[in-house]
Structure formats: structure tokens, C-alpha cells
Amino acid sequence: MRTLSLVSVMALSIAAVSAPALAQPVPANPSAAAGVHTDLPRVAHPSHYTITITPDAANLKFTGQSSVDLEVTEATPFLTLHALDLNIASATLTPQGGTPVPVTITMDAASQTARFTAAQPLSPGKYRLETTYSGIINTQANGLFALDYPDKITGKDVRGLFTQFEAPDARRFAPMFDEPIYKATFDLTAVVPASQMAISNMPVIKEDMLEGGLKRVTFGTSPKMSSYLLFFSLGDFERMAKEAVPGVQVGIVAPKGSGEQSRFALNELAPLIPYYADYFGQPYPLPKLDNVAAPGQSQFFSAMENWGAILTFERILLDDPAISSAAARENIVVTQAHEVAHQWFGNLVTMAWWEDLWLNEGFASWMETKATAHFHPDWFPLLGRVDGRDAAMGLDGYRTTHPIVQEIRTVDETNQAFDAITYQKGEAVISMLEAFAGETVWRDGLRAYMRDHKFGNTRSKDLWQAVEKAGAPGLTAIAMDFTTKPGIPLVKVMGMTCKKGVATLNLEQSEFSVDRKEEVAARPQQWKVPLLVSSGSGEPVRTILDGGKATVSVNGCGPVVINAGQLGYYRSLYTPKMLQSLKAAMPSLAAVDQLGLIADNLALSASGYQPYGPAFDLLAAIPGNANPVVLGSAFGDFVGAWRTLDRDAPAQKALAAKVAATYKPRLMALGFEPKTGESLPDADLRSTLIAGFGTMGDADVVAEARRRFGLLASDPKAMDGPLKTTWLNIVARNATKADWDAIRTLAAASNSGVERQFLYTLLGRPADAALAKAARELALTDAPGKTTSAAMIVATAVLHADETYEFALANRAQIEALVDAQSRVTFIAQLGAGSNDPAMIDKLKSFKATVPAEAARPVDRVIAVLTEKAKSRPLYAKGLSDWLAAKKK
């Protein structure tokens, strides 16, 4: 699962029903499984499900019949399966070769389970449990859910059905053993309207026409997989398909009328199948892979890796020339690369329990970058790993962090595991370990891991052992340090000398922290830290910093980079003299090192490890003709700095002028219009520069945005193209009441579900407080759509955090109904994250008291950030102002 916005985020076999086919046998009780926590008794496991559902989309309900073939491994008075929001009308249990016996059903909403008790205790053996039941169709992405959207041809609202089961929501679809270690095969049948298309993991093998305009659709038997990977969808769809490799067809399933909007995604999807099959050394084991475009959106995730039937929200899958930006096209590629990687890493081989979720998500994040770099090296995707690493460190530097491999016991704790530590820190650590092992050894280890554990479950140690065996001794110790310990190593250069062309560095390892510096200074954690040290000439030196101190010698006198290539997961603290050398060399350094040095030094300055001047010096040393990805990132840092200064203060004006002097010529060279044949990074940079200058109120850019917006009065398509969203965001930020009303009218009239979502969300972006208030109130009506309203509320929080947070609390029940169940606590807490009022901290503490303790981590994170911001923001503004003043002299 790929999370989204900051984040947005999520298969083994029990052959037949015998435990020996497992990579690790399902233990008889939870205590027998080291590190595995469960809320099901370990007395039985499934081998096969047969499920038939009949959805009633109009009335948001469904009926179902399910049978599960299972094996009881020890005597038990009852069977316990997961079930949530299901009304189980009847159940029978049939011993193999015996006759059905009735069972009593006891539902437990708190544990999300159903208990099935026969008249006599059950002896070990094979059984079939059959149930009839009914359930609800949700309007947010939990279980079976509905999305309403405008038909692309008629404009009338239509309804599609989809499923989202990760992490714990397959239990909303049928009674199941809903944990990743319980793998089974699935036969799914659906009774649906004859005019609609039904999609599941496997191809349709039979359709039977029924009375009343219905049909019975039967899908092929799935491979053995975890329950969270089961998928079903129904709607007025069309499918564009092609063969990826002999015997495997890939397709894009989209709302009718999408047409050529599916072409780009399809062409990018097909080559991923042979690429991953070769890399992992395992063929794709299903006959098809669809990617299903779902209208709407989620506050929890962007796409989901259901085996053979990925679900991706339409705005991240279809290429609409009227509105898709360069960044949106890149996101199509990256998101598909992530989800297709899961078809092997996560689906073919699955973590045993959610504490190893990072085995799914960290690896898919790492593989998405590797695949994108393979197919689109001119996009510079490897540079994105620096931003990803920094995003992870943005969480990992606080006391509220957690290790990559974390203890998970409850549903709430599982939902919270989909964060930047799991995704981005996971990717960063994997990149570091690959560099330590070497690309060939690393790949050979992964191939052995896939071969030995396919259709099975694993834990992290299984992977480390496979890579070590392939030729990377010592990797396990490093991997264990970085996956089981929270936090960030800090590698400090204590001194450097250079004699006869050889630089000698004295290094010391400590621990970086944002909010517990004194604590970690006194008792820092220790890691085995792989280093790659370069002086810019000759081969970099590889070594491991172990035991806290090391002396490293490297050919050349500098400038020296102690995390060359930025593959190490640590902060780098240089001496002032070395920073001066790096500043002078900045324009000629590798792009990845430019990004990493800026990220490290901004973080070190903000956290009090060094003055602000050196960080701003490095940022300002990025030249206006730099790599477009580097330039866009540096520009974004300056725009963020501009926001911290008082509005229209002399320092803010001085910074805007300085930024314009460096970056405006690059924008003028790119121009306001896309150019035929230009690179995607240049197109993306144009959008980034326009958006940033619009935020800072640049007169030329704001005037151009208003000019283009004025054309819509006579031509509704006047702004169509890859910059439409960029220009409209500027208009919305500066909107008058008339502008706001015009955007609302455009939103209501649009036949494009993606455009309609975007335009309604724009209504929450104005700086004008009254218009933001009107947007929040509109969000609680039916007009925007069930999954768009939450995005509108988030938009108002960007510039009006305090008012938006108070609004959410005052309307909490209505707000929570607009958000996926997994993210309700996170959603409300994050609304207050942009506040600059210290009083928000106490408000969040009061909110925390209203949520279960196991769900409180997101609130604690925001409290920690705001607590630190109250101290650091004034210091940051002063440091920036002083730096600007010094540059005038």
C-alpha cells in the first residue's frame, strides 16, 4: 500500500491444510511464536474459502454465503474467526466425511470476532464451516465500499464498488482468519447487474445470466494468499489491456469514457512484469494483473497491491491531458512500480505479522525507485531517496519515534504502522544495506529469499540470512541495529588533517535528536554504521564505524563528504572549516550530495547542533543552473523559510528578493508555457517555480494566474493542460468571494471526477478566513462527495490551522464519518499541526484523552512537533534574519 500526501500507504501458503507447508508452522498458541501477536487462538487454520456475495449498491448493503475449509490442530470447544459489521444468520460445521452439525454463533464487536460453538468439542481434523450473512457497504475505504462519481459522458452521478482490506478489513467481507500468516486459496462468485463489469484477483471463468437483469460471475481460484489481498470491484467500467509476457495480460480498468487516459499507465505497467520477474528470479504467478482506477480518494492510502487487481485512485493512475501535471505523470509511474513490486515482495512472500510490515512497504518503496531509475533515468529518481530519508528522519528524531520492526498487538497499532518510518526509513536502510553488500550479492540474496519462501511467510531475519549467505558477511548485525533500534546516528567529524595528498578524519558516532539532545548526548545509542567517505578524487573509502570512534584516511584533501552518495542513514556533522570548503565546492558536487548536505545541515541547525549560517550558506550556494531536481528542492526550502518570517516584514521582503535573483531567471528561461520535447524534470521545475513564486506573491506570477483564470469566463477549457492545477492553486490562495463562487460553479459542473475533486479542494485554500470558513461548512454537505470533503477540510488547515481544528472538534462525528476508519485520530490531530499558537498543545492533550491509548501515537507526534516548534521557530526566524542582514554587508 502506498500512502499518500506526506505520506498517504499496506502471500504465503498453507498447502492443502497441512502446517508443514508453511515457512514457519502456525503455532498452537501465541506464546509459541516469538514476536507474533494475535487475537485468534492458534487451534485451526484455513486452506480454502468459497465466497458468494450479492451486493445491493443502491442501498449500501450486501448478502453473502461463505465456506471455509480448515484444519483443527488441537482439541477446542469452539472456532474463532474474525468478523466485523456482519450479521451472521446461520452457520454449520461439517467434519470431513461426516454430516453437517449446527453451531451457535457468538459475536464479539470489541475483538472483531465471531465464535462458532458445536454441541461437542472439536477433535483435531479437517472441517468445513459454512455461513450465511449480510453486511454493509461503506462510503469510506474500509471493507466493501462505494464511490459515487460523475459519468464522464453524461455527467450523471454513478456508483462503483471496491474493496480495501489492508490491514484488518477482510473481516468486513466474510468471516475469515484475517491475519497475514493464515494463507489460503479463494474462490469468489458475485451476483451483479448484467450491464456492469466485475473484477477480482483472477480472471472471470464463467458468467451465467439470471433473471431480473442479473448475472452470476465466477472468478478463477486464486493462489494461496493472505486475506488482506482479496479484491472485488463492480461498476460501469472499461478495460484496456495488452500482453506483458506470454501467458500474462495486464490491464487498466477505469470508469467508462476514460478512453486514452488509460494508455500511459498501461504502457508503463506492462514492462514491469518481465523486469521484476527477472530481478527477483521468479515469474509472475497469475494470468493477469489489472490496475483498477477508483474515483475519489482516501486520507489513508493512494493505492493497494491486491494480488492480480491493484486498486489505485484515479487521480494517481489516469493521464488526463486537461489536468495531469508533469508531477502527476511521474506519480503514475512511481506508484505502479511500487504496487507491482508488491506482487512479489508482500504477495508472493508475505510478512508473518504486521510488526514486519516494513518487509512489504520499505522494499516496495526501494524497488519503486530502482525500477523508475531503470526505465526513466532522465527523471533522476534516485535523488528522491534523499527527500525520503529526510522525511523519515523528520519522525525519527523525536522521542515519539519507533523502530522499523515494532511490536504490534492491536488493530489501531497496525493502522499506525503505515508511516514514514516503515516506508521511507525502510527504503533508506535497504539502500544502505544494498550498498554494503554490493548490487549483485544483494540481488542474489533476494532471489534465494524469494525461491525459498515463495507462497510463504517470513520475518526480517530470513532476509538477512539469505543475503549473508549470498556473500555479505556482517550484514545481519548492521541490519538488526537499524531495524530494531529507533533513532538516527550522528556521525561527527572531530578533526581533519591532510598530508601528502591524504586526508585523515577522526570520526565519532553519537545520536541525533530533536527533542532529547541532553539525554542522547549523555547516553547515545550505538549502531554499526557503514560509511562511504569521498574527497572528490579517487575511489571512496568504505568502512564501518563501530564502537563509537574511527579514523578514516582518504586520498585527496577535499572537500570531503562523509556520506558520499547519501546512502547512509545518519546525519553528518562537519567542522566549520570543512563546511566552508563544501560551500565553495557546492556547485560542482554530485547532485545527490548537494541534496544530502542541505538536508543534514538545515536539520542540524534547526535542532541546535550548529548555527544557522552554515546551513543557509550551503542552500544559497546552489546555482541557478543546477540539476532541476536539486534546484526545485532548494527553492522549496527557501519558500518554506519565507513562510516562517512575519508577513511583509523587511526580512521576508529581503528573502523574496534574494530568491527571485537566483531563481526567477530559471523560470523565465523555462517560460510559462510547456515546451514540446522538454524533459519531465524541467516541466516539473517550471510548475514548482510558478507555485513557489505564487505563494510568495510575486507580481508577475500572480498577474499571469489571474489573467488565465479570467479566460475561463468565455472558454471553460482555456486553462487545460499540465499547469492548470498550478495556476488555479495561486488563484485560490488569493481568491475573492467572486473567484471562490466561480470555482465552486466550475466544480459542480465538471464531468471529470478528478477535476471535480481538485476544484472542490481548491475552495479550502484561500488566505481569506471567511472563505476558508465557507469551505469547511460546504464540506459537511453532500455537494463535494463523500471522499472529497475531508480533503477540503485539510486544505483549510494549511493557512487556518487553529480554526480548522476547532471546527473538527465541534463537528467530530460528522468529520470522522468523512475519513477512513484507519486514519480518524491522525486526521484530526494533523489539522492542528500547522498551528503557531502554543495553546494548541494543551488542546491536543485534551483530545488525546478522548482516544484509546493504543491509538494515541499520532497525537503524541503532533504534540512533540508543536512543543519543539514553539521553541525553535523564533530561533529559526532570527537565524534567517541575521543571515540575511549579514549578506547585505
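Residues are classed by relative accessible area as buried (under 20%), exposed (over 50%) or partly exposed (in between), with a 1.4 Å probe and protein chains only. The structure is a predicted model, in which local features need pLDDT of at least 70 and side-chain atom pairs count only at pLDDT 80 or more, while totals for chains, interfaces and linings use all residues. Residues are numbered from 1 along each chain as its sequence is written, and side-chain values use heavy atoms, with hydrogens and water left out.

The structure holds one disulfide, a term applied to a pair of cysteine sulfur atoms within 2.5 Å. This disulfide joins C498 to C557, with an S to S distance of 1.6 Å. The link of C498 and C557 is left-handed, with -70° about the S-S bond. Because C498 lies in strand 23 (residues 488–499) and C557 in the loop between strand 27 (549–555) and strand 28 (571–573), the pair ties together parts that are 59 residues apart in sequence. Helices (H or I, at least four residues) and strands (E, at least two) are DSSP runs, numbered from the N terminus. Both cysteines have intermediate accessibility: C498 is partly exposed at 31%, and C557 is partly exposed at 43%.

The loop between strand 27 and strand 28 also contains P559 and Q566. The peptide bond between G558 and P559 is cis, with omega of about 5°. Q566 has a positive phi, near 55°, in a residue other than glycine; its relative accessible area is 8%, and Q566 is therefore buried. A167 is placed in the loop between strand 10 (157–164) and strand 11 (185–193). Positive phi is found as well at D85, where the value is near 60°. D85 belongs to the loop between strand 3 (79–82) and strand 4 (86–95) and is partly exposed, with a relative accessibility of 39%.

Salt bridges were defined as a side-chain nitrogen of Lys or Arg within 4 Å of a carboxyl oxygen of Asp or Glu. A search of the whole structure finds 49 of them. In one, E434 pairs with K370, and the closest N and O atoms are 2.9 Å apart. This pair links distant parts of the chain, as E434 is in helix 7 (residues 421–437) and K370 in helix 4 (residues 357–375), 64 residues apart. E434 is buried, at 7% relative accessible area, and K370 is also buried, at 15%.

Another salt bridge is formed by the side chains of D741 and K737, with an N to O distance of 2.8 Å. D741 and K737 are separated by about one helical turn, because they are four residues apart in helix 20 (residues 737–749). D741 is partly exposed, with 29% relative accessibility. The side chains of D860 and K848 meet at 2.7 Å, N to O, in a further salt bridge. D860 is partly exposed at 23% relative accessible area, as is K848 at 32% relative accessibility. Salt bridges that share partners join R399, E511, D515, R516 and E519 into one network.

Within this network, D515 is located in the loop between strand 24 (502–512) and helix 11 (517–522). D515 is buried, with a relative accessible area of 18%. The side chain of D515 reaches the backbone nitrogen of R399 at 3.0 Å, a polar contact (a pair of N or O atoms within 3.5 Å; within protein, one must be able to donate a hydrogen and the other to accept it, and residues adjacent in sequence count only if both atoms are side-chain atoms). Apart from neighbours within four places in sequence, D515 is in contact with G397, Y398, R399, A864 and E868.

D320 is buried yet has no salt bridge. The nearest side chain of opposite charge is K152, 6.3 Å away, where Lys and Arg count as positive, Asp and Glu as negative, and His and the chain ends are not counted. D320 lies in the loop between strand 20 (309–313) and helix 3 (326–342). Not counting residues up to four places away in sequence, D320 touches Q261 and S752.

How values were computed: Contact means heavy atoms within 4.5 Å.
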